[in-house]
Amino acid sequence: MKKIKITPYKVVAVAILAILAFLFLFPLYWILTGSVKTAADINDAVPQWFPMSPTLDNYERLFDNPALLWLFNSVAMAVVSMILTCVTASMAGYALAKKRFIGRTLLFSIFICAMALPKQVILIPLLREMAFLHLHDTMWAVILPTVGWPFGVFLMKQFSENIPGELLEAARIDGAGEARTFTEIALPIIKPGIGALAIFTFINCWNDYFLQLIMLNSRTKLTISLGIAKLQAEMSTDFGLIMAGAALAAVPIITIFLLFQKYFTRGITMGAVKG
Amino acid sequence: MNKRMKPTGMQKALIRRETISAYLFLLPALIFFVGFVIVPMVMCLVTSFFNYSMTEFAFVGFSNYVEMFQDEIFIRALLNTILIVVVAVPVVTVFSLWVSSVIYKMNGAVCSFFRCIFYLPVVTGTVAVTVVWKWMFNRYTGLFNYVLGETGIIDSDISWLGDERTAIWCIILILLTTSVGQPVVLYVSALGNVDESLIEAAQVDGATSRQVFWKIKWPQIMPTTLYILVITTINSFQCYALIQLLTSGGPNHSTETIMYYIYYQAFRLYRYGYGNAMGVILAIIIAVFSAIQFKVAGRKND
Amino acid sequence: MKNWKKWMSLLLCAGMMTGLSACGGDGGSENTAEGNDSGGSEGTEITLWTYPIGSWGDSATVDGIVAAFNEQYPDISVSVEFLDYTSGDDQVTAAIEAGTAPDIIMEGPERLVTTWGAAGRMVDLSDLWDEGTISDISAVSEAVVNACRSSDGAYYEYPLCMNAHCMAINYEVFEEAGALQYIDEETRTWTTEDFGNALQALKDAGVETTGIVYCGGQGGDQGTRALARNLYSAEFTNADHTEWTMNSEAGIRGLQQLVDWEQAGLLSHDAGLQAADELQLFANGTVAMSFAWNASNESNYAEQIDFTAYAMTFPSDDGVPELDGGIYGFGIFDNGDEAKIDAAKQFIQFVCDDETQGPQSVIASGFFPVRSSFGNVYEGSDQEERMTVFNSMMPYLGDYYNVTPGWADQRTAWWNMLQNIFNGNDVTESVNAYVETSSAATQAASGN
């Protein structure tokens with residue numbers, strides 16, 4: 001450990017950070033407390049900093065809806081997207097980074113250009129396509145475009161640049177096939193990158209409100225974020241109910257984040273630094 | 001690079017072998033990419049030349065594109081979108097770099113505490129966070145007016161989301177809090193990986209901390225910076241859910257973004273062709289932005 | 001080696017997950033695929049989507065209605081989805097384009113007739129509108145029949161219920177401010193002058209926020225329209241529903257009046273609020289009146305309100321208001337399957353026309369029947385007293401102009417116009433711009 005000097009700048013910086021931390025923490029705090037407040041407390045003109053008369057009423061009403069099913073749908077969708085993306089992107093990224101083949105530059109440029117395009121732009125054509133495949137209102141209508149998104153390929157290509165060419169050459173000389181070279185030499189090196197990609201894909205899929213909105217109709221197929229948004233009616237905003245839904249959605253994912261935090265952050269580092 | 005020397009037969013065979021195996025590796029990704037990105041993208045491009053709605057489908061050439069640039073709301077949306085990107089991208093990058101450089105040397109628990117805090121809005125979910133912010137901005141019962149009113153900073157309540165002057169800044173503020181999570185995590189790790197021996201050597205040579213930052217740390221975290229610039233740019237351009245849940249583009253189109261306007265034209269007015277044409281233009285703009293970033297940040301990297 | 005195993009098992013896992021969910025996915029798509037092989041009405045599956053119209057947005061109520069239907073028609077299974085007004089339209093658009101549109105949808109003529117009907121997506125329900133039905137409904141209001149029929153003569157809506165949108169005041173606050181003298185408690189009407197005086201009285205009594213002209217978009221536009229056009233009895237459209245007419249002298253005068261009150265501090269405007277927010281503020285007691293009131297809202301907010309929410313008509317210069325109405329009913333999407341269309345028609349007829357179910361369906365909406373033969377469906381119920389008040393306003397129901405083509409475009413332009421004038425822009429100019437935008441949309445929508 002290095003010695004840490006305490007300078008005025010540092011004191012000020014930490015103070016600012018503390019204030020900012022409050023601003024970032026507050027929404028979550030408000031969601032958690034709001035979910036156990038009564039409607040009267042929530043709508044009070046003077047903010048009720050603590051739930052004075054906690055109630056589970058909001059959760060009871062939330063579970064009148066198939067909220068757990070929504071949560072399951074969200075998880076299933078995010079996990080399947082995550083796995084498919086990691087598998088396809090790590091293979092493709094490896095090939096783009098380590099193989100010299102015809103059309104490589106062109107292909108990579110197309111991937112980069114497509115990455116810049118917002119998904120929403122192609123929604124109407126996507127809808128027609130899903131209709132053609134009879135996949136609308138199934139979770140595949142959300143998963144397939146998510147996996148197709150070239151961001152993962154770009155990221156894995158960056159990570160794969162780290163694989164030393166000599167190692168691959170050595171494996172080839174040893175007579176290892178392409179598949180074995182990939183699984184035994186390349187994969188262990190890009191593993192942290194896959195971890196990073198897994199988290200990004202999971203969270204992006206989790207938060208992709210618009211795609212879910214357009215692709216899913218049935219009450220039994222909704223995701224949790226879609227479900228929460230739908231709880232807002234036109235003529236009344238049941239804040240407590242929405243907060244309960246938000247808490248249900250947030251707590252599991254935050255728990256996962258806290259548990260795996262070290263693994264996540266280490267994973268993110270190693271690749272991105274060595275672009 | 002192969003053009004420089006004439007490939008021999010052996011090399012040709014090698015290239016062929018490499019090409020076949022490369023495409024086999026690429027195949028799974030390409031199936032998804034072509035099927036669910038390229039195909040709809042081409043459909044999008046083609047239909048942008050049509051008067052395409054729920055009832056019609058007629059070729060109209062460039063008229064959607066011509067109409068677009070005469071459409072005042074589109075121009076307004078374009079300017080708003082660019083404002084959001086131009087403000088959000090540098091602020092997110094600089095802010096997350098500053099936060100990271102303050103916290104990365106703190107002891108493990110404190111550092112991960114802050115890192116978690118800044119990541120919270122990302123994992124809490126956009127919809128949930130937005131609902132809370134909407135309440136905070138509420139003119140009559142919201143937190144901001146309450147706090148500012150109680151402390152005597154303002155006399156009369158401000159309609160944060162209802163005022164043309166403040167609405168877009170509220171949107172940008174929320175966008176910032178939901179955008180800095182990943183950059184902070186990335187920068188903390190990147191700064192932690194900067195070679196300590198180089199820094200110590202420089203300090204022995206009498207370099208100031210500013211010099212250490214710019215000469216040693218900055219170049220080493222450049223790839224991370226490039227990556228952050230790209231993802232933040234894309235995210236800022238795509239700012240949509242915030243608008244729909246908070247302002248619907250108002251007041252008086254002051255928070256209209258292209259993304260939201262495309263959605264409005266396509267899903268509310270069923271003008272798919274027109275929406276697609278705007279999508280094409282937006283894609284071109286984002287591609288240009290990204291290309292500039294790659295050129296500028298990428299060159300220093302080499 | 002260790003790593004290799006780990007990765008292989010991961011891949012295996014991925015494969016299994018894919019396979020598993022693929023099965024689930026296929027099962028799902030089968031349900032939504034057109035069941036061409038189902039002949040007759042035996043074992044027909046139909047879907048119903050509802051917007052939150054009273055308790056029609058509530059699963060317990062609707063499940064009960066479906067159960068009642070199944071007692072008579074056990075072979076038709078109905079699955080229900082609930083839409084909201086924020087994103088419901090988007091989901092319908094998506095479903096239409098993706099070929100998964102529901103069989104039955106519940107809303108009003110501006111969507112069923114003007115939007116989806118005009119786009120050729122709805123089934124003509126003329127066969128349900130026999131002469132008995134037409135005369136029964138006409139006896140209540142000719143406007144209902146006209147609203148459900150498109151310009152080409154096809155009926156795209158089969159109506160169930162209707163209501164008149166009104167406003168509400170906080171009775172106790174008015175009482176304290178001595179403003180009750182400005183309202184006619186007999187007829188629940190007031191003149192524009194009375195309204196202005198009441199605002200002044202409230203202000204003098206120290207009421208901080210009297211009323212809010214919300215203009216944050218989305219729903220509740222009828223309240224702002226009714227307020228602006230009634231002040232000087234302006235017409236919102238012409239009688240043929242082909243032109244927007246708020247740029248008439250009376251229309252401009254009404255809007256100018258609102259701006260004048262706002263500038264005098266007697267009335268507020270807020271482009272950050274939507275109808276739901278305004279209602280919540282009214283329910284909290286923060287604001288002394290609501291412009292988005294109706295029978296259904298009164299029962300929704302009853303629990304939260306600890307004062308007397310006193311329903312009023314909108315103020316007008318001649319004291320005779322013209323209220324905006326809502327006509328809610330069912331339409332059928334043409335999904336190309338005759339069996340489903342027949343089953344859907346059976347469902348609609350049961351829900352709307354059945355002697356016992358019909359009135360129950362109306363009560364579920366919290367509004368009033370469109371059929372005169374139903375009489376007073378609230379008679380003898382605990383809601384009777386409350387509903388009598390709203391029923392007394394039904395005669396003030398004005399023209400149902402919501403069927404004017406280009407409605408959705410107009411609505412956005414309306415919000416922007418309101419935001420504009422309260423931001424100090426010239427009223428005449430802003431209204432003209434709004435009419436111009438809306439007319440362009442009308443022409444585009446009816447030109448083909």
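This is a short walk through the predicted model shown above, chain by chain and feature by feature.

Residues are numbered from 1 along each chain as its sequence is written, and chains are lettered from A, with ligands numbered from 1, in the order in which they are written. Since this is a predicted model, local features need pLDDT of at least 70 and side-chain atom pairs count only at pLDDT 80 or more, while totals for chains, interfaces and linings use all residues.

Let's start with confidence in chain A. The mean pLDDT there (the predictor's confidence in each residue, from 0 to 100) is 83, and 90% of the residues of chain A reach 70 or more. There is one stretch to flag: over residues 269–275 of chain A, pLDDT stays under 50, although the model has 25 contacts beyond four places in sequence for them. A contact here means two residues whose C-beta atoms, placed from the backbone, lie within 7 Å. Where pLDDT is low, the predicted coordinates should not be read in detail.

Now, how do chains A and B meet? The contacts involve 68 residues of chain A and 73 residues of chain B. On the chain A side, helix α13 (residues 239–273) gives the most, with 14 residues. Helices (H or I, at least four residues) and strands (E, at least two) are DSSP runs, numbered from the N terminus. By class, the side of chain A that touches chain B has 53 nonpolar, 10 polar and 5 charged residues. Nonpolar covers Ala, Val, Leu, Ile, Met, Phe, Trp, Tyr, Cys and Pro; charged covers Asp, Glu, Lys and Arg; the others, Gly among them, are polar.

On to chain C, which has 17 helices and 11 strands. Its radius of gyration, taken over C-alpha atoms, is 25 Å, close to the 22 Å that the globule rule (2.2 Å times the number of residues to the power 0.38) gives for 448 residues, so chain C is as compact as a globular protein of that length. Buried residues make up 54% of chain C; buried means 20 or more other C-beta atoms within 10 Å of a residue's own, exposed 12 or fewer, and partly exposed in between, with C-beta atoms placed from the backbone.

Which strand of chain C does β1 (residues 44–50) run parallel to? That is β2 (residues 76–82), joined to β1(C) by 7 bridges, with C:Ile46 standing opposite C:Val78. In β1(C), 6 of the 7 residues are buried, so the strand is largely enclosed by the rest of the structure.

Chain C also has an open sheet of 3 strands, in the order β8-β5-β9, with antiparallel pairing; strands pair if DSSP finds at least two bridges between them. β8 (289–293) and β9 (309–312) stand at the edges, each with a single partner strand, so one side of each is left without a neighbour in the sheet. Between β5 (residues 166–170) and β9 of chain C there are 4 bridges, and C:Met167 has C:Met312 as its bridge partner.

Most residues other than glycine have a negative phi. B:Asn252, however, has a positive phi near 50°, and C:His241 has one of about 60°. B:Asn252 is buried, with 22 other C-beta atoms within 10 Å. C:His241 is buried, with 22 such atoms within 10 Å, and lies in the loop between α9 (221–230) and α10 (249–263) of chain C.
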